[in-house]
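Student: I should like to examine the reasoning behind the labels given to this model. Let us take the terms one at a time.

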Amino acid sequence: MSENHHKKLTLISLILMIFTSVFGFTNIARAYLLMGYGAIPWYILSAITFFIPYSFMMAEYGAAFKNEKGGIYSWMDKSVGSKYAFVVTFMWYTSYIIWMVSTSSSIWVPLSNMIFGEDKTSTWSLFGLSAPHTMAVLAIILFIIITITASKGLNGIKKVTSIGGTFIALSNIVLLVGAIIVLVANDFKLAQPITASSFVSSPNPAYQSPIGILGFMVFAIFAYGGLEAIGGLVDQTEHPEKTFPKGVKIAAIVIAIGYSLGILCVGFFTNWTITLDKTTVNMANAGYVVMHNLGYTLGLALNLGSSGAAALGAFFSRFIGLSMFLALMGAFFTLTYSPIKQLIEGTPKAIWPKSWVKLDKNNMPKNAMWVQCIVVVAIILISSFGGDTASTFLNYLILMSNVAMTIPYAFIAFAFISFKKKENIHKPFVMYKSHTSTTIWTIIVIITIAFANIFTIIKPILDSGDYVATIFQIAGPVVFGAIALILYDRYEKKLKFNK
């Protein structure tokens with residue numbers, strides 16, 4: 001009994017797991033690169049209209065369905081119905097498969113920055129293979145190792161996500177403390193002065209038009225995504241009716257504040273024109289550039305001299321590479337297990353082969369996790385070694401998953417209205433006290449998500465007339481939803497036949 005209790009997620013473990021799934025430290029640097037201080041109001045607005053109210057919905061769901069193993073599927077099944085729940089959950093899950101494929105290759109970039117101080121992945125070679133093929137081999141090895149470790153039980157997942165979450169928190173502390181030291185040392189003179197227009201306009205020419213600003217709002221909304229993945233861990237949490245909503249509330253508020261405060265702090269030591277207005281600075285390396293600049297300016301503030309400041313800048317750049325690598329590893333471990341747990345343990349068992357739904361001695365869907373691993377590895381192999389056509393296929397898959405990953409947020413929020421109306425569902429934690437407030441906040445969340453997705457769909461056409469990208473983004477939810485309906489229809493026919 002004590003062993004099972006030991007394996008449960010504590011409040012701190014849960015919060016750190018949420019951090020690794022939601023909070024992206026590089027989003028701070030990227031936001032400052034795109035909008036400067038002008039990013040802060042959009043992050044605050046996105047938190048108010050989406051992340052905070054959506055988080056409170058997750059908290060209520062989790063507390064009410066504390067013993068359910070199926071996460072978001074169980075929530076929607078009990079609130080609306082099983083077909084609705086299955087289609088949304090399947091669409092959401094298939095998008096994470098594509099995320100795993102793309103991230104298993106890109107995760108090596110921060111590791112390269114940690115080791116070499118810059119991205120050298122384009123020069124890596126194993127067994128005489130080209131760099132892209134080497135990335136594919138490393139991705140496959142990594143995913144197999146993650147599957148082996150994660151399938152052995154929650155303890156291994158918890159350890160990795162705790163390390164990742166701790167380094168994310170530490171990165172923010174370094175940013176905050178370092179920025180304040182630089183500010184004090186410079187007699188409270190900000191590197192990026194705050195003017196009347198600082199919070200409503202961008203120093204970046206590409207983000208001064210209405211289209212650019214709307215595009216950034218979408219970026220801010222999606223920076224808060226991923227919380228629903230934790231839904232599958234409610235039954236693995238200590239005293240879930242209290243711990244889960246408390247963990248979600250704390251993490252949501254800290255993340256919302258952390259993003260805006262982090263962007264403000266970057267301005268303490270980074271002048272946008274001097275440091276970021278260069279062709280060499282982009283979305284991919286903005287985090288390293290900002291943290292290197294923090295180390296350099298901190299070194300000057302501490303009177304370390306130019307060489308000492310440069311060395312400290314290089315150390316900070318490597319540190320953020322390590323932090324990002326560990327954070328991605330933490331997210332990988334969580335997302336290798338939690339989404340498939342919700343799909344396999346929540347949905348009707350008859351939909352899947354019997355071996356897939358079988359749990360091992362560690363209470364893990366080990367067989368299903370290995371099937372998932374085979375699928376991910378197959379897509380990596382086909383897309384990397386299959387020539388230009390296969391590579392284009394992967395790009396289209398990524399486009400298809402863009403919208404399919406975030407549309408389910410709206411369906412989960414919509415199901416919340418039905419959840420609140422069902423008085424037979426015991427709700428130990430209540431944030432929305434009335435049906436009116438429930439409806440209003442649900443509508444606000446859905447409108448915010450709908451706006452973000454509609455703009456994401458039409459943006460390729462607005463930017464470059466790329467209708468193909470738009471078509472594939474629309475096709476994603478349609479194709480994944482159609483597959484889900486076919487699977488569910490087969491299940492219903494099987495039920496009728498067995499009666």
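Student: How many aromatic pairs does a search of the whole structure find?

Tutor: In this predicted model, the search of the whole structure finds 33 aromatic pairs.

Student: Why is the pair of Tyr-32 and Tyr-37 called edge-to-face?

Tutor: The ring centres of Tyr-32 and Tyr-37 are 6.2 Å apart and the planes stand at 80°. Ring centres must lie within 6.5 Å for a pair, and planes over 60 degrees apart count as edge-to-face; the pair is therefore edge-to-face.

Student: What makes Tyr-32 and Tyr-37 count as buried or exposed?

Tutor: Buried means under 20% relative accessible area. Tyr-32 has 0% and is therefore buried; Tyr-37, with 2%, is buried as well.

Student: Why is the pair of Phe-86 and Tyr-488 called tilted?

Tutor: The centres of these rings are 5.8 Å apart, with the planes at 40°. Stacked requires planes under 30 degrees apart and edge-to-face over 60, so the pair of Phe-86 and Tyr-488 is tilted. This pair links distant parts of the chain, since Phe-86 belongs to helix H6 and Tyr-488 to helix H19, 402 residues apart. Both Phe-86 and Tyr-488 are buried.

Student: What makes the charged end of Lys-427 sit over the ring of Phe-419?

Tutor: The charged end of Lys-427 is 5.1 Å from the centre of the Phe-419 ring. The distance limit is 6 Å, and the charge must also be within 35 degrees of the ring normal; the charged end of Lys-427 is accordingly listed as sitting over the ring.

Student: How many salt bridges does the count come to?

Tutor: The count comes to eight salt bridges.

Student: Why do the side chains of Asp-235 and Lys-341 meet in a salt bridge?

Tutor: The N to O distance between Asp-235 and Lys-341 is 2.9 Å. A salt bridge requires a distance within 4 Å, so the pair qualifies. Asp-235 is in the loop between H10 and helix H11, and Lys-341 in helix H14, so the pair ties together parts that are 106 residues apart in sequence.

Student: How do you know that Lys-341 and Glu-345 are separated by about one helical turn?

Tutor: Lys-341 and Glu-345 are four residues apart in helix H14, which means a separation of about one helical turn. Their side chains meet in a salt bridge at 3.9 Å, N to O. Against the limit of under 20%, Lys-341 at 1% is buried, and Glu-345 at 10% is buried too. Salt bridges that share partners join Lys-69, Asp-235, Lys-341 and Glu-345 into one network.

Student: What makes Lys-78 and Glu-68 partly exposed?

Tutor: Partly exposed lies between the buried limit of 20% and the exposed limit of 50%. Lys-78 has 37% and is therefore partly exposed; Glu-68, at 26%, is also partly exposed. Lys-78 forms a salt bridge with Glu-68, the closest N and O atoms being 3.7 Å apart.

Student: Why is Asn-303 called exposed?

Tutor: Exposed means over 50%, and Asn-303 reaches 70% relative accessibility, so Asn-303 counts as exposed. Asn-303 lies in the loop between helix H13 and helix H14, with a positive phi of about 60° although it is not a glycine.

Student: How do you know that the span of helix H10 agrees with its 13 residues?

Tutor: At 1.5 Å a residue, helix H10 should span 18 Å. The end C-alpha atoms of helix H10 are 19 Å apart, which agrees.

Notes
Residues are numbered from 1 along each chain as its sequence is written. Side-chain values use heavy atoms; hydrogens and water are left out. Helices (H or I, at least four residues) and strands (E, at least two) are DSSP runs, numbered from the N terminus. The expected span of a helix is 1.5 Å times one less than its number of residues. Buried means under 20% relative accessible area, exposed over 50%, partly exposed in between (1.4 Å probe, protein chains only). Rings of Phe, Tyr and Trp (its six-membered ring) pair if their centres lie within 6.5 Å; planes under 30 degrees apart count as stacked, over 60 as edge-to-face and the rest as tilted.
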